[in-house]
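Here is a short briefing on one protein model.

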Amino acid sequence: MFNNVRMLVFMLFVVSLGIVFLNAGGSSTAMAASSSVTTPGGDWIDNNGNAVEAHDGGIIKVGSVYYLYGNDRELYEYTDSTFYRLNMYSSTDLVNWTFENHILTKNSDPAFNQKIVERPKIIYNESTNQFVMYFHYDNLSYSVAEVGVAVSNTVNGNYTLLNHFRPLNSESRDMGLFKDDDGSAYLISTISGTQVSIFKLTADYLGVDSRVTTLSLSGEGTGIFKRNGLYYLVLSKLTGWSHNDNWYQTAPSMAGPWSSKTYLANNTKTYESQITNILPIQGTQGTTYMYMGDRWLKGTKHSRYVWLPLEFNGNSMSLNYYPEWSIDTTAGTWQQVINPFTNLAAGKPVTASSYWGAGYEASKVNDGDTTSTRWSAGSGQVNNQWLEIDFGSSITFDKAMLYEYGLNIRNFRIDYYYNGVWNTAVSGGSIGGYGGRVVTFNPVTATKARLYMPEAQGVGSIYEWQLFNTAEQTAGQSFVNSANIKTERRNDFTGDLGMKVTIGSSPVTVTNLGRYYATGNKGTHNLKIVDATNGTTVASTSVNMAVGTADSNGFKYAELSTPVTLVANHTYYMVSSETNGGDSWYGLTPVNMPLLSTKNVAIVNSGIYFYGNTWSSLGGTNNSYIPLNFKFH
């Protein structure tokens, strides 16, 4: 890609779990937690077990299928950046990828011999029924500075090179493509270190028709999209393989006028990534705009991907970091994934292969600080470094969070020690510094764990290494710790009753609803969650529970068909349908209502009942009819 470091060298040489979800749209509607989870910076594997190699590319949607394409950097190391091949993968959920084809390779045409191909982008031309690809075409000294054009009759077919040229005789390096609502298409091109031009393409998309505008700015990368009639252009600074704060500008038309710069995530280096594309994900409930970035490790095969949802406030947008998040491609909505589990490594004794000196000891990796204190390997100690945690007894874990300082570690391995033998739980590539990297694996039982770092490009440094057992809490935790049941029982009411609950500052994903078992109960009860704002039943929360054997706290549960997320700071009614003369339950006057002790993920405001087309409260904090309960992640 266009890189100012190379620009200086060559004639101004041109040179990205147990799960709780947050509804990003701010809606009060709880959402089923059914989507697959995206982990920025993770090791993304295709259906064949190979690393997904599709850097500095994009995604095109055909029907209901998303096609990811980009550069395969499997053979790339520090000095070799000649074109190898472009790969394509398909997915319906943007998480699970099936390899499709090497759609363009160095052997596709002699013109690729000792050349560079970067920033491929594909759009479809309805008039010619062709998929048209543009890319940055150059030599090793970045003096050619052209665009290449290739076509295919199928999205995942072999693309044929048609031409490579300078658009209207202008240099062109990093570039992007945009197809507007009316079918017109545009090339956005870095033409020098200080200018970015927007060109309109010909009707068949195979050439350049005119120059729309030129912006006097130093930018590369390039992502462009349109939202509510406003055009957004996202660009990166020119800092070579080093990451920087990417920004965006807006305009009412492609010709402008374009606004001044606004940074997406200022002072974060865009979470150690560089923009390559913005993908609109349109669904039945909305449209999510996904930032696609590359986390470069000097352009090598150790580079990873950072995909995150853009968030909007009017026409302003921002980019926040989520170590795990979920996209529902059918609905067009996204949700944050929050880790509610206990860090099993916290405070345990830690040793290391080496350390830098005072203030960088091994104990820093499990002191709970993910941004300030850190372990660093000793001076000159680059490869084959390790950290080892002693649990003192056998524990089970199946998930890790790794927070690296910098981007030096190129691969890692988590080993576990049990019955006198070390085994490997999981291995992976680069970790990445910003916001933490999630690693999941099959549950293992161990008395010790070791984070082994075989290879690095500099001294490795870790802020925090956390371990969790999500398998233990698959069914969810019980919201009610205990219930103080009074003696008064009754069965003289027909309708819904239970408790009024306000969720805390973090969303809660409910897996089961429960009703207290009173001696002699034998019926089946409909349990559900009602949105207090509008009185409607929250989707997927109505479940029938047959009274039977209760848990140690006296509750019997029914599992929801799919986990459902309740929105932070929102109020709900959790109720059971009762029948006059049916099973008995507890609570009449406030003084005789059950008093609950609960976990702090939510507050029980009062008891609640539905009578005469009206919801009414009775009792106070921690009071509930029956009572009711739920399990959550």
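The protein chain of this predicted model has an average pLDDT of 89, where pLDDT is the predictor's confidence in each residue, from 0 to 100. A score of at least 70 is reached by 92% of the residues. Residues 1–35 have a pLDDT below 50. Beyond near neighbours in sequence, that stretch has 147 contacts in the model (contact: heavy atoms within 4.5 Å).

**Ground rules**
- Residues are numbered from 1 along each chain as its sequence is written, and side-chain values use heavy atoms, with hydrogens and water left out.
- As the model is predicted, local features need pLDDT of at least 70 and side-chain atom pairs count only at pLDDT 80 or more, while totals for chains, interfaces and linings use all residues.
- Helices (H or I, at least four residues) and strands (E, at least two) are DSSP runs, numbered from the N terminus.
- Two strands pair if DSSP finds at least two bridges between them.

**Sheet S12 to S15**
- Four strands form an open sheet in the order S12-S13-S14-S15, with antiparallel pairing.
- Strand S12 (175–179) and strand S15 (208–215) each have a single partner strand, so one side of each lacks a neighbour in the sheet.
- Neighbouring strands here are turned by 25 degrees against each other on average, direction ignored (axes are lines fitted to C-alpha atoms; angles run from 0 to 180 degrees between N-to-C directions).
- Six bridges link strand S14 (residues 195–201) to S15 in the antiparallel sense.
- Val196 has Leu215 in S15 as its bridge partner.

**Sheet S16 to S19**
- A four-stranded open sheet runs S16-S17-S18-S19, again with antiparallel pairing.
- Its edge strands are S16 (220–227) and S19 (262–263), each pairing on one side only.
- Strand S17 (residues 230–236) and strand S18 (residues 247–251) run antiparallel, joined by five bridges.
- Leu235 has Trp247 in S18 as its bridge partner.

**Nonpolar cores**
- A nonpolar core is a set of buried Ala, Val, Leu, Ile, Met, Phe, Trp, Tyr and Cys residues joined through side-chain atoms within 4.5 Å.
- The largest has 38 residues; among those touching the most other members are Phe479, Met499 and Phe630.
- Strand S40 (residues 555–566) gives this core its largest share, six residues.
- A second, separate core of 37 residues includes Trp97, Met290, Trp307 and Leu310.

**Asn569**
- Asn569 lies in the loop between S40 and strand S41 (571–578).
- Its relative accessibility is 59%, so Asn569 counts as exposed (buried is under 20% relative accessible area, exposed over 50%, partly exposed in between; 1.4 Å probe, protein chains only).
- Not counting residues up to four places away in sequence, Asn569 touches Thr502, Ile503, Gly504 and Ser505.
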